[in-house]
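Here is a short briefing to read alongside the model. Keep the 3D view open and pick out the residues as they come up.

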Amino acid sequence: MRFAIATFIVLFLVSCEKKTEIEINSVEITPVFIDSLSIRAIQPLDENRVWFAADKGKVGLIDGDTPKLAIIKYGDSLLHFRSIAATKEAVFVLSISNPAVLYKIGFNGTEATNIEEVYNEKGEKVFYDSMKFWNENEGIAIGDPVEDCMSIIITRDGGNTWEKLPCDNLPKVERGEAAFAASNSNIAIFGDNAWVATGGRKSRVMHTGDKGKTWEVFDTPIVQGKAMTGIYSIDFRDEQHGIIFGGNWEDKPFNEGNKAITKNGGKTWKLIANGKEPGYRSSVKYIPGTEGQGIVAIGSPGISFSGDGGKNWKLLSKEGFFAIEFVNDSLAFASGNNRISKLIFRK
């Protein structure tokens with residue numbers, strides 16, 4: 001009898017672990033904005049509206065069929081933007097390099113109302129990569145090292161002011177360790193947590209569980225050792241379960257050590273689909289509402305999908321993009337060279 005009960009418990013636990021595989025067989029790609037830009041940062045508002053920040057100083061809101069655009073100059077120079085984030089009343093865009101300038105754009109739900117500079121950093125090594133908000137008041141942006149730590153700036157007042165964290169409060173970087181400004185997705189946020197993915201000669205995951213007050217850093221099995229290797233994108237679906245994706249930008253078909261998952265908040269990572277497609281991808285996202293089973297990874301080589309938590313993948317399209325952001329479980333926006341498109345995923 002005891003053996004029968006034990007067997008029942010084991011079978012029950014196994015059945016609880018097994019999740020339904022998500023089925024997607026195609027993606028419908030519809031361009032919503034075309035311009036001669038490199039667009040690596042997008043922030044959807046709903047199914048019909050998406051903010052973007054691009055190179056050549058261009059920032060805008062695509063509202064259905066109507067683009068509402070602005071060109072931002074710093075002095076006589078056009079800034080290059082690869083980071084964007086939004087709260088209910090504002091949109092924030094951050095330029096990449098010297099000077100790195102962060103702007104707060106007031107938004108009334110329909111139109112931009114004003115723009116103000118809220119952070120400025122000058123220096124030969126300054127280069128910012130991505131930005132996210134925990135809530136309406138607290139946000140974070142990360143950049144490459146200018147000293148012996150990653151550059152991290154924090155706001156606690158809705159983006160009105162930003163403060164750079166001292167290196168004494170942060171993990172030390174290894175030689176050649178930095179981050180990739182490929183898709184505004186090397187920061188993941190959940191609850192009070194933030195995870196920051198690094199790459200280059202060392203590829204690790206930094207973690208804070210208290211909105212940037214204290215930090216720890218974890219090693220990963222992702223390919224590293226060269227300037228263009230490492231993690232390009234990170235996403236978490238809850239406080240414990242996350243995925244990292246990247247590879248070697250200089251050898252995009254290479255598919256060993258380029259994707260991994262964690263089940264313990266980033267402390268340890270396990271490679272998935274190792275030596276199997278896809279290779280390099282610059283942006284990865286869990287599909288909302290699929291309990292981690294549905295995942296999409298995109299990059300210049302195309303759009304790939306997994307319906308079983310990353311064990312197996314299939315190529316949905318060879319059309320290349322840089323970044324993807326989901327609106328719901330079947331619709332996302334993606335951006336790339338010269339365009340933003342709406343993606344509809346179908347069974």
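**How the chain holds together**

In this predicted model, residues 24 or more positions apart account for 49% of the contacts in the chain with a separation of 6 or more. The chain has 1 helix and 30 strands, and 14 salt bridges are found in the structure. The points below start with the overall picture and then turn to three of these pairs.

**Overall shape and surface**

- The radius of gyration is 20 Å, which agrees with the value near 20 Å that a compact globule of 347 residues would have.
- Along its principal axes, the C-alpha trace spans about 80 × 50 × 40 Å.
- Of the 347 residues in the chain, 54% are buried.
- The accessible surface comes to about 15,300 Å², and carbon and sulfur atoms contribute 50% of that area.

**Charges**

- Side chains of opposite charge can pair when their charged atoms come close.

**A pair linking strands β1 and β30**

- E28 and R346 form a salt bridge, with 2.8 Å between the closest N and O atoms.
- E28 sits in strand β1 (residues 26–44) and R346 in strand β30 (residues 331–346), so this pair ties together parts that are 318 residues apart in sequence.
- E28 counts as partly exposed because its relative accessibility is 34%.
- R346 is also partly exposed, at a relative accessible area of 39%.

**A pair linking strands β14 and β10**

- K164 and E121 meet through their side chains in a salt bridge of 2.7 Å, N to O.
- K164 belongs to strand β14 (residues 163–164) and E121 to strand β10 (residues 112–121), so the bridge ties together parts that are 43 residues apart in sequence.
- Buried or partly exposed: which describes K164, and which describes E121?
- K164 is partly exposed, with a relative accessible area of 27%, whereas E121 is buried, with 10%.

**A pair between loops, and its network**

- The side chains of K211 and E138 form a salt bridge of 2.8 Å, N to O.
- K211 lies in the loop between β19 (204–208) and β20 (216–219), and E138 in the loop between β11 (128–133) and β12 (139–143), so the pair ties together parts that are 73 residues apart in sequence.
- Both K211 and E138 are buried.
- Through salt bridges that share partners, E138, R156, D192 and K211 are joined into one network.

Key:
Residues numbered from 1 in each chain as written. Predicted model: local features only at pLDDT ≥ 70, side-chain atom pairs only at ≥ 80, totals over all residues. Heavy atoms only, no water. Helix = DSSP H or I, 4+ residues; strand = E, 2+ residues; numbered from the N terminus. Rg over C-alpha atoms; globule rule 2.2 N^0.38 Å. Buried < 20%, exposed > 50% of the residue type's maximum accessible area, 1.4 Å probe, protein only. Contact = heavy atoms within 4.5 Å. Areas by Shrake-Rupley, 256 points an atom, 1.4 Å probe, with all protein chains shown as cover. Salt bridge = Lys/Arg side-chain N within 4 Å of Asp/Glu carboxyl O.
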